[in-house]
Amino acid sequence: MHLNISDSWQPLLQTEFEKPYFEELINYVKEEYVENSCFPAQDQIFEAFNLCAFEDLKVVIIGQDPYHGEGQAHGLCFSVNDGVKHPPSLKNIFKEIEADLGIPYPQSGNLTRWAKQGVLLLNATLTVKSKNAGSHQNKGWEQFTDAIISIISEKKEHVVFLLWGGYAQKKGKKIDQKKHCVFTCGHPSPLSANRGYWFGNKHFSKTNICLKNNSLALIKW
């Protein structure tokens, strides 16, 4: 498997790529893609990094697992390809943006437009077997994405981290909160949102206030 990852990230991650766990992980993923139907497509596994260059990164949103249905996942957390029905969590994200910023609910659930503005849409696990949620967890991806969060925290300043739900919050524990803005709330999934842990968080306007305070371009959500 060719590590199709952008030049802006390559030197930062080179030492990680050379570690034994990462070699084992890639060998496992290669086999899985040969033997099973897996998502996203192989050339989109590192899409989050390819669409959001390290130097442009301003916001990080942490998801857990890629969508495991046909045609949904394309390498960005919470995002689906154009023309694909919006999953429940994504619907709630768009509803909150609508309430927070007055932006009309969009037709497409493709968040490439965010990534290109400097939003890293990072899943903790970058691959999954078809119709089998969590199937590639605990194989090494979590260690890799922990390293990414640490690198961002250490080497950047004034990044906004949006940590939705207990899993993302646990993953974000090593973020240096003196240098970065960190916002937490419940997960946008219906289970959490319908119990009052998601709606009204205003994370999208809060993100732009943080960016403005640090003289950075606002995100067009």
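Here are a few points on this predicted model, covering its core, its salt bridges and the surroundings of one serine.

1. Let's begin with the inside. The largest nonpolar core holds 67 residues. Those with the most contacts inside this core are Trp9, Ile61, Trp114, Leu120, Trp141, Phe144 and Ile152. In soluble globular proteins, nonpolar side chains tend to be buried together.

2. Setting aside neighbours within four places in sequence, Ile61 is in contact with Cys77, Phe78, Trp114, Val119, Leu120, Leu121, Leu122, Leu162 and Trp164.

3. On to charges: the model has two salt bridges. One of them joins Lys171 and Asp146, with 2.7 Å from N to O. This pair links distant parts of the chain, as Lys171 sits in helix 7 (residues 166-171) and Asp146 in helix 6 (residues 141-155), 25 residues apart. Lys171 counts as buried because its relative accessible area is 9%, under the 20% cut-off. Asp146, at 34%, is partly exposed.

4. Glu16 and Lys19 also form a salt bridge, and their closest N and O atoms are 3.1 Å apart. Glu16 is buried, at 7% relative accessible area, whereas Lys19 is partly exposed at 34%.

5. Finally, have a look at Ser89, which belongs to helix 4 (residues 88-101). Ser89 is buried, with a relative accessible area of 12%. Beyond residues up to four places away in sequence, Ser89 touches Phe78, His187, Pro188, Ser189 and Pro190. A polar atom of the Ser89 side chain lies 3.4 Å from the backbone nitrogen of Ser189. Asn214, by contrast, is 30 Å from Ser89, C-alpha to C-alpha, and 125 residues apart from Ser89 in sequence.

Methods
Residues are numbered from 1 along each chain as its sequence is written. This is a predicted model: local features need pLDDT of at least 70, side-chain atom pairs count only at pLDDT 80 or more; totals for chains, interfaces and linings use all residues. Side-chain values use heavy atoms; hydrogens and water are left out. Helices (H or I, at least four residues) and strands (E, at least two) are DSSP runs, numbered from the N terminus. Buried means under 20% relative accessible area, exposed over 50%, partly exposed in between (1.4 Å probe, protein chains only). Contact means heavy atoms within 4.5 Å. A polar contact is a pair of N or O atoms within 3.5 Å; within protein, one must be able to donate a hydrogen and the other to accept it, and residues adjacent in sequence count only if both atoms are side-chain atoms. A nonpolar core is a set of buried Ala, Val, Leu, Ile, Met, Phe, Trp, Tyr and Cys residues joined through side-chain atoms within 4.5 Å. A salt bridge is a side-chain nitrogen of Lys or Arg within 4 Å of a carboxyl oxygen of Asp or Glu.
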